[in-house]
Amino acid sequence: MQVYGAGMYGAEAGGYGQFVIQLCDLQGEQVTRGGAPLAVTISNDDGLYHIKIHNNEDGSYFVHYMLYKPGVYQLSVRLNDEHEVVVSERSV
């Protein structure tokens with residue numbers, strides 16, 4: 001799995017953050033179909049935020065979110081609700 005885009009590292013409070021997830025197979029080749037069970041969350045001491053995920057049906061997923069106040073947040077991307085694939089700290 002590859003995750004890329006400026007929204008992985010932060011966003012301005014009140015503005016949209018966005019990034020793309022590209023699924024890869026065990027050999028590192030890009031998956032060309034959608035439908036994988038992905039879960040993306042952003043959390044901090046105030047709560048847990050569920051993020052909008054758009055399945056592009058080609059193995060890639062467009063993710064966008066809006067956080068309403070500045071702070072430090074943790075981004076989590078999970079595949080099959082078992083494996084935490086990406087975790088990063090962010091300030092907005």
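Predicted model: local features only at pLDDT ≥ 70, side-chain atom pairs only at ≥ 80, totals over all residues.
**Entry 1: terms and model**

I took helices (H or I, at least four residues) and strands (E, at least two) as DSSP runs, numbered from the N terminus. I numbered residues from 1 along each chain as its sequence is written, and side-chain values use heavy atoms, with hydrogens and water left out.

**Entry 2: the chain**

I looked up the secondary structure and found 0 helices and 8 strands, in the order β-β-β-β-β-β-β-β along the sequence. I noted that 34% of the 92 residues are buried (under 20% relative accessible area, with exposed over 50% and partly exposed in between; 1.4 Å probe, protein chains only). Among contacts (heavy atoms within 4.5 Å) between residues at least 6 apart in sequence, I read that 51% join residues at least 24 apart. The accessible surface (Shrake-Rupley method, 1.4 Å probe; for residues, only the protein chains shown count as cover) comes to about 5600 Å², and carbon and sulfur atoms hold 48% of that surface.

**Entry 3: the largest pocket**

I searched for pockets on a 1 Å grid over the protein atoms alone; a pocket is an open set of points where a 1.4 Å probe fits, with protein on both sides within 12 Å along at least five of seven lines, and lining residues have an atom within 4 Å of a point. Grid points are joined across faces, edges and corners, and a volume is the space filled by probe spheres set on the points. The largest pocket has a volume of about 200 Å³. I listed its lining residues, among them Met1, Cys24, Asp25, Arg33, Tyr61 and Leu79. The lining divides into 8 nonpolar, 1 polar and 2 charged residues (nonpolar: Ala, Val, Leu, Ile, Met, Phe, Trp, Tyr, Cys and Pro; charged: Asp, Glu, Lys and Arg; polar: the others, Gly among them).

**Entry 4: the second largest pocket**

I recorded a volume of about 170 Å³ for the second largest pocket. Of the 10 residues that line this pocket, I found Lys52, His64, Tyr65, Met66 and Tyr68 closest to its centre. β4 (47-50) and β6 (60-66) each supply at least two lining residues, and β6 gives the largest share, 3 residues. I counted 7 nonpolar, 2 polar and 1 charged residue in this lining.

**Entry 5: Asn80**

I located Asn80 in the loop between β7 (72-79) and β8 (83-91). Asn80 is partly exposed, because its relative accessible area is 39%.
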